[in-house]
Amino acid sequence: MERYELKLKNITKKYTDGDSENTVLNNVSINVKPGEFVAIVGPSGSGKSTFLSIAGALLSASNGEIMIGDTNLNKKSKKELADIRRNKIGFVFQSHQLIPYLTVIDQLKLIPKLSNNKNTKEVNEHANKLLKEFGLEHKLTKYPSKLSGGEKQRIAIARALMNNPDIILADEPTASLDGERGREVVSMIKDEIKKYNKAALMVTHDERILDLVDTIYRIENGNITLEMKN
């Protein structure tokens, strides 16, 4: 199956604060190839999460282009962008954001339901396959209140993969986890990226897991620099 590259070209983001204009991102560009795991690091307030939100079509840039393969997101309507977010992009947030009244299996099945995928057999098979891959097949009828922090985050990753997205975007996925659990979660993200040839972009403060990624960029003062590439 063909996978697509994520390209962010000359991204600028400015905010108006009273009479002044604040530039959060200044002409920032990166490419993330299929099968590549990229980390964005930098101090708080440097624009990392803003950059990730723009990459995921959750926030518009002041200038610049966002491409998934040959698809230019700048030229899409709000409805088309919502479809792209549902079907092309998998989001892993800082907090797991599980729905408290849904069981583990139903958390996963909700995603294809929102995309109007009515193939119940296919959905069930994919959900069970992901839960097995993440070592959670024995938790499928549990509610979030009965799960550990690491289990919740693993379910959040599995949920992000339910629609087989081309792009995975992770915003501080280890923030609520201890070192061992955080590393386990990022290792699982890496395994999925390599196994299914997906492009992945992760924002993190966690220096302990940077050896798991292929490429590291640093954002500071609105600018981006390449820090490491394997």
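A residue counts as buried here if its relative accessible area is under 20%. By that cut-off, 48% of the 230 residues of this protein are buried. Please keep in mind that this is a predicted model.

First, the overall picture. The protein has six helices and ten strands. Along the principal axes, the C-alpha atoms take up a box of roughly 55 × 40 × 40 Å. If you take the contacts with a separation of 6 or more, 72% of them join residues 24 or more positions apart.

Now the surface and the charges. The accessible surface is about 11500 Å², and carbon and sulfur atoms contribute 47% of that. There are 35 positive side chains and 30 negative ones, with the centres of the two sets 6 Å apart.

The element I want to show you is helix 5, residues 149–160. Its twelve residues should span 16 Å at 1.5 Å a residue, and the end C-alpha atoms are 17 Å apart, which agrees.

How many of its twelve residues are buried? Eleven are, so helix 5 is largely enclosed by the rest of the structure. The buried set has charged residues in it, including Glu151, Lys152, Arg154 and Arg159. Ile155, Ala156, Ile157 and Ala158 are also among the buried residues.

And what covers them? The cover over the buried residues of helix 5 includes strand 6 (89–92), helix 3 (104–114), helix 4 (120–133) and helix 6 (179–196).

How values were computed:
Residues are numbered from 1 along each chain as its sequence is written. This is a predicted model: local features need pLDDT of at least 70, side-chain atom pairs count only at pLDDT 80 or more; totals for chains, interfaces and linings use all residues. Side-chain values use heavy atoms; hydrogens and water are left out. Helices (H or I, at least four residues) and strands (E, at least two) are DSSP runs, numbered from the N terminus. Buried means under 20% relative accessible area, exposed over 50%, partly exposed in between (1.4 Å probe, protein chains only). Contact means heavy atoms within 4.5 Å. Accessible areas come from the Shrake-Rupley method with a 1.4 Å probe; for residues, only the protein chains shown count as cover. The place of a charge is taken as NZ of Lys, CZ of Arg, CG of Asp or CD of Glu. The expected span of a helix is 1.5 Å times one less than its number of residues.
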